Amino acid sequence: MSHTIDLTAEERDADLDLDQLKQLVGLVDYDANRDPFPVTGWDAIVFVSGNATQSALYYQSVWGMELVAYSGPETGNRDHKSFVLKSGSIRFVINGAVDPDSPLVEHHRKHGDGVVDIALEVPDVDKCIAQAKQAGATVLREPEDVTDEHGTVRIAAIATYGETRHTLVDRSRYHGPYLPGYAAQASTFVKRDGQPKRLFQALDHIVGNVELGKMDEWVTFYNKVMGFVNMAEFIGDDIATDYSALMSKVVANGNHRVKFPLNEPAIAKKKSQIDEYLEFYRGAGAQHLAVATGDILASVDHLRANGVEFLETPDSYYEDPELRARIGEVRVPVEELQKRGILVDRDEDGYLLQIFTKPLGDRPTVFFELIERHGSLGFGKGNFKALFEAIEREQDKRGNL
Ligand SMILES: [Fe+2]
């Protein structure tokens with residue numbers, strides 16, 4: 001039985017429509033009434049940064065995001081600064097310590113810049129927490145109402161891999177810019193002429209790297225605790241290179257807005273990229289965020305001009321007759337993809353275009369992917385080998401292979 005999905009407030013604000021979202025992020029209809037842990041979509045991705053003031057400017061000037069809210073000493077938060085940025089329907093929150101005794105200092109010392117909270121919008125926080133407790137999850141914050149002059153949010157949090165959490169937010173009774181305690185704040189950054197309104201419209205998926213042997217445990221966590229479904233399965237052989245390999249499985253919430261591929265390292269001759277992440281992040285954590293764009297060629301051109309460095313794709317990737325045969329017709333000539341290093345993959349439902357950045361911070365941990373879907377609900381399985389070989393060339397340059 002098919003159920004119509006409503007747009008979230010963020011999607012309406014971003015002028016997205018349902019057809020676009022089905023294309024952009026593979027949104028599907030489903031029956032939320034039968035879901036023990038209904039999730040509407042992403043609420044916010046919360047980052048810890050060593051310098052939130054500068055990171056927030058980076059996301060505005062380089063990634064075209066818009067500052068919408070702020071909390072910090074000026075608003076009564078003496079512990080840290082917190083910048084809320086939007087691009088289309090997705091919200092990033094960048095937190096950095098002000099007080100040297102802030103818990104963020106120790107978090108950053110250990111993990112470096114990274115994602116501390118993958119916050120999800122849910123219609124019923126209490127129902128989710130009851131389900132989470134019954135399934136044995138760790139509740140980090142009991143459900144509570146938080147109120148200011150803009151209304152009330154109901155909020156709670158559960159633990160996931162590493163020191164990452166899922167805050168659960170019901171903001172249906174709230175009309176402020178983000179959460180109580182935050183003040184609306186506009187960008188002082190002025191976009192150059194010719195820059196598009198935004199370089200990405202939504203968030204497609206976040207990959208979690210977990211320790212060797214832990215992938216299935218976390219797949220089970222998302223199945224049993226959060227009612228997520230398994231989307232696709234990759235096995236070691238598919239994504240092994242000569243030196244390193246990984247295992248990956250993908251879980252998604254009912255409407256597929258929220259998709260979590262989960263990686264673990266696989267035994268190989270040398271240290272895998274997942275091992276490198278686990279070493280430098282000091283444990284499990286979010287590896288990459290895939291942002292969805294309707295025009296990956298234009299986005300990549302602007303991002304490159306803004307200084308973003310992408311992984312290089314060898315010319316042999318594009319000249320490979322097997323690849324040409326596998327991908328068939330795509331919306332632009334392959335030469336246009338080759339010029340930009342954009343990868344292409346096809347499955348029975350359609351195709352997707354994707355490209356990966358180099359790590360965004362100082363440690364070889366978090367990076368971004370840009371993805372433009374055309375029917376395919378996959379994650380670029382066919383590109384994994386080509387991609388990992390490119391990643392390993394970078395890893396080798398850092399002396400970590
Ligand atoms: Fe990805």
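Strands E3 and E4 run antiparallel and are joined by eight bridges. They belong to a predicted model, where local features need pLDDT of at least 70, side-chain atom pairs count only at pLDDT 80 or more, and totals for chains, interfaces and linings use all residues. Residues are numbered from 1 along each chain as its sequence is written. Helices (H or I, at least four residues) and strands (E, at least two) are DSSP runs, numbered from the N terminus.

**The nine-stranded sheet**

- Strands of a sheet pair through backbone hydrogen bonds, either parallel or antiparallel. Here, two strands pair if DSSP finds at least two bridges between them.
- The open sheet has nine strands with mixed pairing, in the order E6-E7-E8-E5-E1-E4-E3-E2-E9. Strand E6 (139-148) and strand E9 (183-184) are the edge strands, and each pairs on one side only.
- Helix H3 (residues 52-61) packs on the sheet and touches strand E2 (66-71), strand E3 (80-87) and strand E4 (90-97). Contact means that C-beta atoms, placed from the backbone, lie within 7 Å. The direction of H3 makes about 155° with that of E4. Such axes are lines fitted to C-alpha atoms, for helices over the stretch in contact, and angles run from 0 to 180 degrees between N-to-C directions.
- Strands E1 (residues 41-48) and E5 (residues 114-121) pair in the antiparallel sense over seven bridges. Gly-41 has Glu-121 in E5 as its bridge partner.

- Eight of the eight residues of E3 are buried, so the strand is largely enclosed by the rest of the structure. A residue is buried if 20 or more other C-beta atoms lie within 10 Å of its own, exposed if 12 or fewer, and partly exposed in between; C-beta atoms are placed from the backbone.
- His-80, Ser-82, Val-84 and Lys-86 point one way from E3, while Lys-81, Phe-83, Leu-85 and Ser-87 point the other way.
- E2 and E3 run antiparallel, joined by five bridges. Ala-69 stands opposite Val-84 in E3.
- On the E4 side, His-80 stands opposite Ala-97. The hairpin of E3 and E4 has two residues between the strands, and Gly-88 takes a positive phi near 60° there.

**Two residues with positive phi**

- Asp-15 is not a glycine, yet has a positive phi of about 60°. It is found in the loop between helix H1 (9-13) and helix H2 (18-25). Asp-15 counts as exposed, with 11 C-beta neighbours inside 10 Å.
- Arg-282 is not a glycine either, and has a positive phi of about 55°. Its place is in the loop between helix H7 (273-281) and strand E14 (285-292). Arg-282 is partly exposed, with 15 other C-beta atoms within 10 Å.

**The annotated binding site**

- UniProt lists His-205, His-288 and Glu-369 for "binding site" (unreviewed entry). UniProt positions use the numbering given here, feature names are shortened, and annotations may be inferred rather than shown by experiment.
- These residues span 165 residues in sequence, yet no two of their C-alpha atoms are more than 9.3 Å apart, so they gather at one spot.
- His-205 is found in strand E10 (residues 202-209). His-205 is buried, with 23 other C-beta atoms within 10 Å.
- Glu-369 lies in strand E17 (residues 367-374). Glu-369 is buried, with 24 other C-beta atoms within 10 Å. Not counting residues up to four places away in sequence, Glu-369 touches His-288, Ala-290, Gln-354 and Phe-356.

Definitions and conventions
Two residues are in contact if their C-beta atoms, placed from the backbone, lie within 7 Å.
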